[in-house]
Amino acid sequence: MKMATNGDAAIAYSWKQINPAVVPAYPITPQTIIVERFSDYVHDGEVDTEYVTTESEHSAMTVAIAASAAGVRVATATASAGMALMWEMLGVCSGMRCPVVMAVANRTLSGPINIHCDHSDSMGARDTGWIQIYAENVQEAYDNSIIAFRIAEDMRVRLPIMSCLDGFILTHAYEDLEVLEDQQVKDFVGEHQQLNPLLDLSNPVTHGPLDLQDYFFEHKYQVIDAINGSLSVIKEVLDEFEALSGRKHFIAEPYMCDDADFVAIAIGSTAGTMKAVVDELRVDGKKVGLIKLKVFRPFPSQIIADMVKGKQGVAVLDRAISLGSTGPLFLEVNNALLSIEDSPSVCNYVYGIGGRDAPPSQLKQIYLDMMDGKSLPINYLGVRK
Amino acid sequence: MTLKSASELTIGAVITDAGNSKEFLTGDWRSKRPVIDKDKCIDCLTCWIFCPDDSIIVKDEKMEGFRLSHCKGCGICSVQCPVNAIQMVPEGN
Ligand code: SF4
Ligand code: SF4
């Protein structure tokens with residue numbers, strides 16, 4: 001079925017089809033439509049979700065963890081300052097191996113106060129043990145939202161996952177969306193499987209005990225092992241989703257990369273603009289390509305290394321900056337390139353901070369500068385210095 | 001004691017063996033030990049209510065002493081006893 005909708009409503013619609021047992025929610029721009037729309041579904045009896053309105057995001061994440069430990073499927077959503085307030089509980093969630101699914105409507109972190117898109121919120125949480133997937137458009141946001149449950153709840157993974165979409169650019173923009181039938185979605189995600197549920201009274205368990213010098217490291221190692229190993233599970237789930245929907249999903253999607261000499265790597269909605277830019281440059285005979293990264297955590301180092309091997313130049317686009325260092329994606333790409341001999345020259349383009357528009361003309365300039373050898377190691381796209 | 005490896009542990013540090021905190025001998029931590037003066041004790045069991053480590057031994061509703069394997073020596077029982085029947089004495093004396 002086709003509909004015209006925005007990214008937030010698409011996420012809420014996917015949850016309606018999935019019918020999670022618990023949704024703890026606290027609204028924050030630009031995520032608000034997700035939890036508002038979902039509360040309509042709850043009110044109208046279209047789902048039988050326990051909808052818990054909490055007094056803060058810290059509490060929302062705490063409820064999510066508790067419900068997940070109790071043994072049920074949980075979804076929530078946040079953005080920006082909301083995620084910042086959840087911070088303490090993010091690590092608790094992954095450490096307790098709660099497969100919570102969280103939509104993140106990417107918005108910058110204040111200050112000065114700003115409600116628009118960049119990836120500062122989720123990128124800042126990249127070390128918390130959550131899997132992170134990003135969407136280029138509303139369709140991918142919807143698809144990712146469904147895929148996320150399968151990845152997180154897989155018995156080989158059992159980790160929380162952030163399903164990220166660009167604030168306003170995707171959350172509020174109306175696009176064509178092809179949705180699956182309710183039953184198809186239910187069959188795809190399957191029944192939630194419990195693991196040592198707190199509410200199994202005949203098998204009493206303790207979740208979240210004190211874990212000190214003698215065992216904490218081992219439990220963190222389990223998380224390391226699970227998140228690294230999740231990459232192959234993600235691949236499986238993406239392939240299975242393609243078989244169901246006919247829509248191909250990639251951990252990292254190569255676009256016109258095969259014969260390209262210069263490639264850019266981008267995350268989120270900008271990858272869509274970049275594809276148009278690549279098309280335009282290809283008309284002029286320029287051998288350029290794009291890698292659109294869906295999965296940032298775990299970072300698919302080997303896949304990226306294989307894709308950029310033999311290229312002349314790589315521009316890494318970061319919609320976030322690790323202040324005092326470089327963009328986070330740039331660090332990861334450089335790390336991935338350590339395994340390659342004669343690795344291409346890599347430059348960083350930090351762009352779109354605080355929702356600053358990154359129009360095709362500017363994005364095109366990235367390729368032109370890279371081809372002319374004019375790119376600096378780190379470039380701040382369009383900033384008035 | 002041989003420590004388990006990551007692959008042998010329940011994920012998320014979940015404890016599936018109910019009541020196994022008994023095996024953790026917190027008595028090792030004690031620097032002061034509670035000592036009872038049974039002549040003063042009125043068996044009100046206030047100490048039993050307050051002890052955070054279930055270390056007051058009670059038999060037939062009578063206070064019978066301390067389970068030193070788990071008593072951490074926190075002194076709460078000594079403070080709470082209404083008739084000052086419990087003294088905390090340094091370990092090693
Ligand atoms: S609180 Fe004091 S009086 Fe009461 S049972 Fe304990 S030792 Fe005895
Ligand atoms: S010292 Fe503390 S732990 Fe020991 S018996 Fe008294 S209250 Fe319990």
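**Strands, cysteines and ligand shells**

Trainee: How many residues of strand β10 of chain A are buried?

Mentor: Strand β10 of chain A spans residues 262–267; helices (H or I, at least four residues) and strands (E, at least two) are DSSP runs, numbered from the N terminus. Buried means under 20% relative accessible area, exposed over 50%, and partly exposed in between (1.4 Å probe, protein chains only). By that cut-off the strand is mostly covered, and the count of its buried residues is six of six.

Trainee: What kind of model is this, and which atoms do side-chain values use?

Mentor: The model is predicted, so local features need pLDDT of at least 70 and side-chain atom pairs count only at pLDDT 80 or more, while totals for chains, interfaces and linings use all residues.

Trainee: Which residue in β11(A) is the bridge partner of A:Val263?

Mentor: In β10(A), A:Val263 points the same way as A:Ile265 and A:Ile267, while A:Phe262, A:Ala264 and A:Ala266 point the other way, and all are buried. Two strands pair if DSSP finds at least two bridges between them; β10(A) and β11 (residues 288–293) of chain A run parallel and are joined by six. Within β11(A), the partner of A:Val263 is A:Gly289.

Trainee: How far apart are the C-alpha atoms of A:Asn19 and A:Ser343?

Mentor: A:Asn19 is placed in the loop between α1 (7–18) and β2 of chain A. Its relative accessibility is 24%, so A:Asn19 counts as partly exposed. Along the chain, A:Asn19 and A:Ser343 are 324 residues apart, and their C-alpha atoms are separated by 47 Å.

Trainee: What is the C-alpha to C-alpha distance between A:Ala271 and A:Glu136?

Mentor: A:Ala271 is part of helix α9 (residues 270–283) of chain A. Because its relative accessibility is 0%, A:Ala271 counts as buried. In sequence A:Ala271 and A:Glu136 are 135 residues apart, and in space they are separated by 6.3 Å.

Trainee: How far from A:Cys93 is the nearest cysteine sulfur?

Mentor: A disulfide is a pair of cysteine sulfur atoms within 2.5 Å, and the structure holds zero of them over all chains. A:Cys93 is therefore in no disulfide: the nearest cysteine sulfur belongs to A:Cys98, and the distance is 4.9 Å.

Trainee: What is that distance for A:Cys347?

Mentor: A:Cys347 has a relative accessible area of 6%, so this residue is buried. A:Cys347 is also in no disulfide, and the sulfur of A:Cys257, the nearest cysteine sulfur, lies at a distance of 15 Å.

Trainee: Where is A:Pro298 found?

Mentor: The peptide bond leading from A:Arg297 to A:Pro298 is cis, with omega near 0°. As for its place in chain A, A:Pro298 is in the loop between β12 (295–297) and α10 (301–308).

Trainee: Is B:Leu45 buried or exposed?

Mentor: B:Leu45 lies in the loop between β1 (32–36) and α1 (46–50) of chain B. Although B:Leu45 is not a glycine, its phi is positive, about 70°. With a relative accessible area of 15%, B:Leu45 is therefore buried.

Trainee: How many residues of the shell around ligand 1 are nonpolar?

Mentor: A residue is near a molecule or strand if one of its heavy atoms lies within 4 Å of it. Ligand 1 has 13 residues around it, and B:Cys41, B:Cys44, B:Leu45, B:Cys47 and B:Cys81 come nearest. Ala, Val, Leu, Ile, Met, Phe, Trp, Tyr, Cys and Pro count as nonpolar, Asp, Glu, Lys and Arg as charged, and the others, Gly among them, as polar. On that basis the shell has one polar residue and one charged, and the nonpolar number is 11.

Trainee: How many residues around ligand 2 are charged?

Mentor: Of the 14 residues around ligand 2, those that come nearest are B:Cys51, B:Cys71, B:Cys74, B:Gly75 and B:Cys77. Nine residues of this shell are nonpolar and three polar, and the charged number is two.

Conventions: Residues numbered from 1 in each chain as written. Chains lettered and ligands numbered in written order. Heavy atoms only, no water.
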